[in-house]
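Here is a short tour of one chain, meant to be read with the model open beside it.

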Amino acid sequence: MSAPIKPAPGTAILFMLCATAFIAATTLIAKALGTDALGPALHPFQVTFGRFLFAWLAIGSFVAVTRPHFTKPHLCLHIGRTLCGATGVTLMFAAAAAIPLADATAISFLNPVFGMILAIPLLGERVGKWRWLAAAIAFAGALMLIRPGSGSIQIGAFLALGAAVVLGLELTFIKRLAGRERPVQILFLNNSLGLLIICVPVLAVWQAPTPAQWGGLAALGLFMAAAQACFVNSMARADASFVTPFSYLTLVFAALYDLVIFGVIPTGLSIAGAGIIIAGAALLAWRERVNQAGPTEAREALHPPGRPPDPDRRN
């Protein structure tokens with residue numbers, strides 16, 4: 001049995017920063033593959049296929065070398081999570097090819113909001129006024145980005161919104177998987193099932209990639225695997241409520257990549273909308289931290305450290 005990883009906030013932040021850089025890079029590569037930057041534009045299904053294929057090869061190689069102990073998986077949860085994840089990233093890759101990366105990334109930050117809403121009927125969770133306020137703020141920012149306009153802007157924004165909805169549903173499956181299985185097992189099964197699932201629709205749209213596109217597909221999968229590994233390592237070294245705010249730097253990296261590679265300059269409306277979405281997501285993350293800390297603080301108030309519980313006190 002492996003020793004538990006000691007808390008290391010500084011290292012957790014570094015891992016999360018690396019994860020955000022890698023995640024933003026995957027959307028950049030998806031945009032290049034979905035446009036004519038590297039050759040004839042590839043269908044989003046084919047881009048998703050490359051993401052799962054090369055991520056599976058990377059994680060599978062790690063599993064083959066380290067031979068971690070796997071327990072019996074909950075296949076229904078894994079299949080549900082992977083179906084949502086594959087659908088979500090496909091929609092996200094399509095959005096990245098149609099609108100500025102910063103806009104697509106900002107809208108994707110709605111996924112924890114949708115996860116919160118979907119957890120009400122699916123997980124029986126109760127949502128208070130603060131979390132509803134956070135959701136309302138985030139949606140207000142999204143409405144600024146999903147603005148009436150011509151062609152790709154409007155369609156791409158709705159594709160990103162669809163990705164956020166489906167990825168929010170994926171969060172409900174992740175919550176149910178949390179603590180059941182080891183992270184490496186979850187990652188390996190997710191990428192294995194994702195590769196099998198995407199093999200079906202990709203056959204209908206397959207076209208021979210150029211050598212540059214094969215390189216892009218390989219980089220996409222490897223960067224995604226690296227992002228997942230960094231994310232897991234970050235979460236293992238600090239509380240989720242502590243490191244989650246650093247994940248918003250994905251937006252900064254996405255805007256920077258889009259500016260340097262494609263020359264896209266974010267508009268004032270895009271910056272304002274993204275800022276409002278992040279404010280709502282940050283409020284939601286803060287409230288999650290308060291909710292998680294509440295029971296612990298209540299217990300400490302009843303039984304302060306260093307003093308034995310009062311046998312006459314009833315909880």
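Of the 315 residues in this chain, 43% are buried. Keep in mind while looking that the model is predicted. The fold is built from 12 helices and has zero strands, so the pattern along the sequence is simply α-α-α-α-α-α-α-α-α-α-α-α.

Let us start with a pair of helices. Helix α3 covers residues 75–98 and helix α4 covers residues 101–108; their axes come within 8 Å and cross at roughly 150°. Because angles over 145 degrees count as roughly antiparallel, α3 is roughly antiparallel to α4. The crossing of α3 and α4 is right-handed.

| Residue | Loop | Relative accessible area |
|---|---|---|
| R67 | between α2 (44–66) and α3 | 70% |
| I265 | between α11 (249–262) and α12 (268–302) | 63% |

Most residues other than glycine have a negative phi. R67 counts as exposed because its relative accessible area of 70% lies over the 50% cut-off.

I265 is exposed too, at 63% relative accessibility. What does I265 form on the surface together with L256, L259, V260, I261 and F262? These residues make up a nonpolar patch, and their accessible area together is about 580 Å².

How values were computed: Residues are numbered from 1 along each chain as its sequence is written. This is a predicted model: local features need pLDDT of at least 70, side-chain atom pairs count only at pLDDT 80 or more; totals for chains, interfaces and linings use all residues. Side-chain values use heavy atoms; hydrogens and water are left out. Patches are made of residues with over 30% relative accessible area and no salt bridge: like charges are joined within 9 Å, nonpolar side chains (Val, Leu, Ile, Met, Phe, Trp, Tyr) within 5 Å. Accessible areas come from the Shrake-Rupley method with a 1.4 Å probe; for residues, only the protein chains shown count as cover. A salt bridge is a side-chain nitrogen of Lys or Arg within 4 Å of a carboxyl oxygen of Asp or Glu. Helices (H or I, at least four residues) and strands (E, at least two) are DSSP runs, numbered from the N terminus. Buried means under 20% relative accessible area, exposed over 50%, partly exposed in between (1.4 Å probe, protein chains only). Axes are lines fitted to C-alpha atoms, for helices over the stretch in contact, and angles run from 0 to 180 degrees between N-to-C directions. Angles under 35 degrees count as roughly parallel, over 145 as roughly antiparallel, 65 to 115 as roughly perpendicular and the rest as oblique. A crossing is left-handed if the near helix is turned anticlockwise from the far one by less than a right angle, and right-handed if clockwise.
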